[in-house]
Amino acid sequence: KGNAMNYYINSALVHTQYAPTFYGERTGFTVYGRQKISITYLSMRYIGSKNNNYIDTNNNINNNIGESILFDDFSSNGNNWNTNYADEYDFNISNGKYYLNHKLNEKGRLSHITREFDSNKDFEIETKFQHVSGETNLPFGILWGKKNSNYFQFLITTNGYYKVNKVVNNVNEDIIKWTKTTYLKEGVGGENTIKIKREGEY
């Protein structure tokens, strides 16, 4: 037996991966190519399971309620995100959003923080992106489980594609190759919520 990792775009399940192994405890964001994106929030929390149900005051079992690991609405930079300005990129927190402006046509940039949590428990990581400007066919998204040069990414593009990959010693390995989906809101200004969810055993 093992665990299942489910991937959601705007509440729609798009893929299930079985028995992923996490490398570390850094979580954050990725942006590639010449584009600017914003992040409205990042939420990490434990979720209920068959073995760990939450019972509310009316004795109703609700397995969607759990302990918060992290919630950042970017009203400040209390979690010490990268907010550097350079020739290659400009990352800043303003008006309740975290802006990632990558200025180069090539390559990309990561921003991540450490938040310890038990990845053997059921959990979810959710974030909301908006594409502000720039190229519409280049990826951005969330990264998690990072340690050194190893991590996972759930990436989307503004023209309606998504992929999931893992990076092992700085080498990309696709879990899901680029896939077109109607669940993404396309175009500059489009807002999309993506979520990864470790859910129980199979």
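Is Q153 buried or exposed? Q153 is buried, at a relative accessible area of 0%; buried means under 20%, exposed over 50%, and partly exposed in between (1.4 Å probe, protein chains only).

## Basis

This is a predicted model, in which local features need pLDDT of at least 70 and side-chain atom pairs count only at pLDDT 80 or more, while totals for chains, interfaces and linings use all residues. Residues are numbered from 1 along each chain as its sequence is written, and side-chain values use heavy atoms, with hydrogens and water left out.

## Chain

The protein chain has 16 strands and 0 helices (DSSP runs numbered from the N terminus: H or I of at least four residues for helices, E of at least two for strands). Of its 202 residues, 46% count as buried.

## Surroundings of Q153

Q153 lies in strand 13, residues 150–156. Leaving aside residues up to four places away in sequence, Q153 touches residues including T30, Y32, L110, W144 and K163 (contact: heavy atoms within 4.5 Å).

## Salt bridges

The count comes to 12 salt bridges, each a side-chain nitrogen of Lys or Arg within 4 Å of a carboxyl oxygen of Asp or Glu. One of them joins K163 and D174 at 2.8 Å, N to O. K163 lies in strand 14 and D174 in strand 15, so the pair ties together parts 11 residues apart in sequence. K163 is buried at 11% relative accessibility, whereas D174 is partly exposed at 38%. Elsewhere, salt bridges with shared partners join R45, E124, E126, K195, K197 and E199 into one network.
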